[in-house]
Amino acid sequence: MTTELIDTLDVRTVKAQFPLLATTIDDAPIHYLDSANSAQKPHAVLDAMTRFNETTYAPINRSAYRLAAQATDAYEQARAKVAGFVNAASPDEIVFTKNATEAMNLVAQAWGRANLRAGDAVVLSHLEHHANIVPWHLLAAELGIELRWIPLTDDGRLDLTDLDRLVDGAKVVSVTAMSNVLGTLTPVTELCAAAHRAGALAVVDACQFVPHNATDVQAWGADFAAFSSHKMCGPSGIGALWGRAELLEATPPFLGGGNMIADVRLDGFTSAPVPAKFEAGTPPITEAIGFGAAVDFMNGLGMDAVRAHELELTSYALETLEARFGDEITIHGPRRLDVRGGVLSFALRDLHPHDVSQVLDQRNVCIRAGHHCAKPLMKLLGVAATARASFYVYNDRDDVDALADALDSASDIFGL
Ligand SMILES: Cc1ncc(COP(=O)(O)O)c(C=O)c1O
């Protein structure tokens with residue numbers, strides 16, 4: 001079957017910009033449906049990194065020669081691009097980290113350790129990725145803080161019935177903007193407002209949201225937000241923490257070493273201003289250039305068009321899978337498209353997701369099978385793992401059809 005579903009993105013043109021997607025395995029095309037895990041990279045990103053390495057690479061922030069100044073400028077331009085992408089008030093509100101996980105740990109370890117005391121409460125939700133759970137568990141073990149959990153509705157949305165009671169007296173509300181398992185889009189603005197009414201800090205795990213939606217951290221009214229480059233067509237090895245300037249100023253450093261200091265003496269040190277205060281050591285320089293190029297690439301597509309494309313594809317996928325497999329397939333998460341992104345976690349009868357994934361792999365359909373780093377959510381769903389297909393800008397109806405055909409063959413192989 002051929003494609004052309006969309007007037008929002010010209011997927012054929014978009015896809016042609018991704019060299020990996022032009023390759024084959026066993027002479028057949030690849031259907032890459034694992035972008036919620038990590039996205040493929042377009043020429044524009046790969047070329048920007050190669051060009052930088054070949055023409056401009058030098059250590060940043062240290063050396064006095066012109067090449068180093070150019071490299072430093074390029075690194076700071078990348079920061080400005082990332083800041084613009086999420087509508088930060090200033091580039092200095094963007095701290096480059098290794099990934100979203102490190103950004104969440106920065107909030108918990110640096111802000112949390114300085115500001116939380118035994119008995120303080122941190123509110124999380126049952127949707128969270130381990131990156132927004134384990135850093136708080138670490139702190140709970142160290143400081144004796146209490147963790148509270150926003151429950152879910154039957155269709156996998158946050159159940160906010162008791163929100164005011166849950167946040168009452170809390171010091172932090174830290175919630176995902178989009179679930180990597182169910183695709184659920186959460187009411188971030190409402191959550192941030194509830195956090196602030198209670199006098200709590202509002203932290204957003206924006207790792208799945210930022211690559212797929214126009215993001216405005218100021219409109220959210222959030223205090224911190226974390227995201228990763230590799231999920232938005234940029235390189236791995238770099239992510240970002242956005243934080244309100246005055247909060248970053250007031251937060252002590254996370255890691256110590258070079259680059260993050262203004263002065264070091266035998267009896268102590270003075271931190272550099274933000275954001276360098278949080279960027280100890282040599283940062284991922286070329287990766288920052290790639291991150292900036294990924295921002296340019298996504299802006300070139302237009303984030304509203306990206307969201308519209310994913311809405312359309314998700315709708316097609318839900319209809320196709322339900323029509324083909326009926327009661328044999330369980331698709332987790334909200335059926336309402338306005339509150340879900342392009343992530344489909346499912347179970348085909350009682351087949352183990354790893355078996356499903358292996359059969360799909362025989363047809364070059366790449367999906368993720370596992371607990372998706374969300375074990376508490378798996379427990380709530382009553383499963384050990386799910387199979388998950390996730391969509392991005394280079395996916396089209398052919399990919400969904402290939403998924404459905406491959407699931408048919410999984411049914412045949414396992415004799416359903
Ligand atoms: C919702 C969510 N938060 C955080 C992370 C962690 O991202 P990273 O592995 O890039 O640190 C992920 C990764 O899958 C995620 O989906």
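1. The largest nonpolar core has 80 residues. Such a core is a set of buried Ala, Val, Leu, Ile, Met, Phe, Trp, Tyr and Cys residues joined through side-chain atoms within 4.5 Å. Buried means under 20% relative accessible area (1.4 Å probe, protein chains only). Residues with the most contacts inside this core include Phe 96, Trp 220, Met 298 and Tyr 392. Both domain 1 and domain 2 give the core at least three residues each.

2. This is a predicted model: local features need pLDDT of at least 70, side-chain atom pairs count only at pLDDT 80 or more, and totals for chains, interfaces and linings use all residues. Residues are numbered from 1 along each chain as its sequence is written, and side-chain values use heavy atoms, without hydrogens and water.

3. The protein chain splits into domain 1 (11–42 + 303–413) and domain 2 (46–300). These bounds come from an automatic or database domain assignment. Contact between the domains takes 41 residues from domain 1 and 34 residues from domain 2; contact means heavy atoms within 4.5 Å.

4. How much area do domain 1 and domain 2 bury between them? About 2900 Å², with 61% of it on carbon and sulfur atoms. Buried area is the accessible area (1.4 Å probe) that two parts lose on being put together, summed over both. Met 303, Leu 377 and Tyr 392 supply 21% of the area that domain 1 buries against domain 2, more than any other three residues.

5. Look next at Met 298. Beyond its neighbours within four places in sequence, Met 298 touches residues including Phe 85, Met 303, Tyr 392 and Val 393.

6. Now the ligand. An oxygen atom of the ligand lies 2.6 Å from a side-chain N or O atom of Ser 228. For His 230, the corresponding distance from a ligand oxygen atom to a side-chain N or O atom is 2.7 Å.

Conventions: Buried < 20%, exposed > 50% of the residue type's maximum accessible area, 1.4 Å probe, protein only. Polar contact = N/O pair within 3.5 Å; in protein donor to acceptor, adjacent residues only side chain to side chain.
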